[in-house]
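Here are my notes on the model you sent over.

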Amino acid sequence: MSNHPDGKTCNLANLTPDQLSNKVVGKRKLSDVLTLLEVHSPLIAASAKPGQFVMVWPGEKSERIPLTVSDLDPEAGTITIIFQEVGRGTLEMGKFEVGDSIPSLSGPLGKPTEIENYGTSVVIGGGVGTAIARPVAAGLKKAGNTLITIIGARERSLIILEEEMRAMSDETIITTDDGSYGRKGIVTEPLKELLDSRKIDFVVAIGPLPMMRAVAETTKPYGVKTIVSLDPIMIDGTGMCGGCRVTVGGKTMFTCVDGPDFDAHQVDWDELRARKAFYFEQEKVQREAFMAGGDE
Amino acid sequence: MAKVLEKQHPMPQQDAEVRITNFDEVALGYSEETAVAEAERCLGCKKKPCVSGCPVNIDIPEFIGKIKENDYIGAAQVIKQTNSLPAICGRVCPQENQCEKECVLSKKFESVGIGRLERFVSDYEAANSKVTEPPKALHPELAKYNVAVVGSGPAGLTVAGDLAKLGYSVTVFEALHKLGGVLRYGIPEFRLPRDILDREIEYVQSLGVKFVTDVIVGRTFRVMDLLERGFDAVFVGSGAGAPKFLGIEGENLGGVYSGNEWLTRINLMRANREDYSTPIKIPKRAIIIGAGNTAMDCCRTALRIGSEKVTIVYRRGREEMPARAEEIENAEHEGVEFKLLTNPKRFIGDEKGQVKAIECLRMELGEPDESGRRRPVTVKGSEFTIEADTVIVALGQNPNPLIRSTTDGLETQSWGGIITDSATGMTSIPGVFAGGDAVTGEATVISAMGAGKIAAVGIDRHIRKMHGLPEA
């Protein structure tokens, strides 16, 4: 470490290689496909807030992909990212071990989640989305909300951060599609029961697109403010390419600079799904090539 | 002296049929003999009108004189006194609107091929000399003053190079993972080969400039943090990174790209290469909307990755197309179809939400508008459709909003451009300077470099004044 360990006050004219290293200092497999990396990146750790993301570029021939910051420790100068190894980019990210440096990691990008005391808030994490939901939930709790968390996944091994979420929540509900853990079913079932039984003031849903869309449809008749964190295709993450554009309330927004959080009731979900699916075939080829051939 | 040849020596090029199958450079460059013969066309005017047309004040007759004497390295040194990026300028400058426009010969004949000679000289230097010893800093005592440069595009590289030559300690912060800004993500390699870009950046590095990638000023830290935490001045050269769209129905269908996205995928991420994982779909029929240099680059790139048909749709006429004549001609020779006086009305999608056609209207030219170009007027009821599986909207860029939205007190135009003092490049915040597309909106590489030169002088004066140093 340099003599200026704090990314908030260090001399920017004299940044050390260590401060710019993006060195992996912790790695944990949360399941077969879910991986946690703790990365030394003091400048980002000093400025990131819940809801923001970073762009990573795992190697010379890789794609740039956005990953949301799941946790940060400004004192230690580290950020935590959790990702599901589903595409080539995340599979490549999963190859990094403690001591490796990530070739490119930049951020924090996007707008932070608007956190205030809404009253009773429900935070819903679907699969790996729970990693992104955690800091938002923590922020809402800290702001004084009564916090209810719902964690959903396809099956038990994909339920993550249960203990952390339970510890900060007034109530936590787990659902799995196959019933292997918690309630059998999807997150909107307990959500609807909550909406029917008590006053809910604010809902945040972060997870796969169909789940966020279902949450939006569930809360809409109740008129409860609902925020989703979108993850369309991105390249630069800085507003330069417009690849991540999405229609919200009839207007074109760039997810990377205007989001990633948007009013769930205003999002054009069909359009978003179509844009996300555009490279489906190519993505499949890349993933298979990676699985078959290893790193190249 | 013999009678002056009326025309420039033509630039040897790859044949159109061959070049659309590769990403190699289209223009092949003058041979030594051709360069000397072209240099002989220069009258060596005492008044040097050409220099007045050069935003970076290259002593043009002087370097051309060196070519006549076969002293090509000497010619390169003359250029590098005022221009740190000659191999780039020799390729992408619109010389026909600048130095060559002022050339005395151009009154009766074709001007001297100044750009082609500049390119010859810099390529000769790269091929035939060991790495040129970078000039020593003029004022080593200035090394204790730090200047931050935001963005490693043409404006940033120029400021950085000029200030490093004076003796300042310069750090360039780049948002992307590779250096060069628009020179890297925007300009295709068949116009600016990557080894040449790398070489020019290495030269700036050799002057002592420090480069830091992956820092997004405005997010990782703010402009004001730079001033408060180590830097005596900041130059903002963040470019024009916010693509314009038409705002018409269906524009967000799958398969509709901005010019920036299309070019970034290919130029920066190399999506067209099988071993690179950033995806792209090879269009069967691509439509490019717009007729500027970016639009031409999009068309020519689409052809090279294997598109069967590429069509430009532009609402004005041929005379009004803003791209360089040379680029339009290249695109035409390569087989790009031009649908002029045609304006998109809406994008039509298939059942999967992917674009399959655009509906257009025919236009007529009316009275001149505020830009002096004749205003296109819609022909009522003239709707027709053109099929396409890829549409690239290349209508230009606005300045990226990240810096202005995170810098309190930074005055900007209503459309987002940073307001600067034209004599010094200083913004409304003392010590913060700006130039290039971040100030002007999308313009040219050379105008960004010109703004960088002005700001370098402005920054030098500012720092000297702040610290009670004598004027240079």
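1. Let's start at a single spot, bearing in mind that this is a predicted model. A:Leu161 sits in the loop between S8 and helix H4 (162–168) of chain A. Have a look at its backbone: phi is positive there, about 60°, although the residue is not a glycine. Most residues other than glycine have a negative phi. A:Leu161 also counts as buried, because its relative accessibility is 8% and the cut-off for buried is under 20%.

2. B:Asp214, not a glycine either, has a positive phi of about 65°. You'll find B:Asp214 in the loop between strand S3 (210–212) and helix H12 (223–228) of chain B. With a relative accessibility of 8%, B:Asp214 counts as buried.

3. Now step back to chain A as a whole. The C-alpha trace spans about 55 × 45 × 40 Å along its principal axes.

4. How much of chain A is buried? Buried residues make up 59% of its 296 residues. Of the contacts in chain A with a separation of 6 or more, 63% are between residues 24 or more positions apart.

5. Chain A has an accessible surface of about 11800 Å², and carbon and sulfur atoms account for 51% of that. There are 32 positive and 41 negative side chains in chain A, and the centres of the two sets lie 2 Å apart.

6. The sheet to look at in chain A is an open one of seven strands, in the order S10-S9-S8-S7-S11-S12-S15, with mixed pairing. Which strands stand at the edges? They are S10 (183–184) and S15 (261–263) of chain A; each has a single partner strand, so one side of each is left without a neighbour in the sheet.

7. Strand S8 (residues 146–153) of chain A pairs with strand S9 (residues 171–176) of chain A in the parallel sense, over six bridges.

8. S11 of chain A deserves a paragraph of its own. Strand S11 covers residues 202–206, and five of its five residues are buried. In a regular strand the side chains alternate between the two faces of the sheet. Here A:Phe202, A:Val204 and A:Ile206 point one way, while A:Val203 and A:Ala205 point the other way, and all are buried.

9. What about the partners of S11(A)? Strand S7 (residues 120–126) of chain A pairs with S11(A) in the parallel sense over five bridges, and A:Ile206 is the bridge partner of A:Gly125. S11(A) also runs parallel to strand S12 (residues 225–229) of chain A, joined by four bridges. In that pairing, A:Ala205 stands opposite A:Val228.

10. Last, two peptide bonds to check by eye. Most peptide bonds are trans. The one from A:Gly107 to A:Pro108 is cis, with omega near -5°, and A:Pro108 belongs to strand S6 (residues 104–109) of chain A. The bond from A:Gly259 to A:Pro260 is cis as well, with omega near 10°. A:Pro260 is in the loop between helix H7 (255–258) and S15 of chain A.

Conventions. Residues are numbered from 1 along each chain as its sequence is written. Chains are lettered from A and ligands numbered from 1 in the order in which they are written. This is a predicted model: local features need pLDDT of at least 70, side-chain atom pairs count only at pLDDT 80 or more; totals for chains, interfaces and linings use all residues. Side-chain values use heavy atoms; hydrogens and water are left out. Buried means under 20% relative accessible area, exposed over 50%, partly exposed in between (1.4 Å probe, protein chains only). Contact means heavy atoms within 4.5 Å. Accessible areas come from the Shrake-Rupley method with a 1.4 Å probe; for residues, only the protein chains shown count as cover. Lys and Arg count as positive and Asp and Glu as negative; His and the chain ends are not counted. The place of a charge is taken as NZ of Lys, CZ of Arg, CG of Asp or CD of Glu. Two strands pair if DSSP finds at least two bridges between them. Helices (H or I, at least four residues) and strands (E, at least two) are DSSP runs, numbered from the N terminus.
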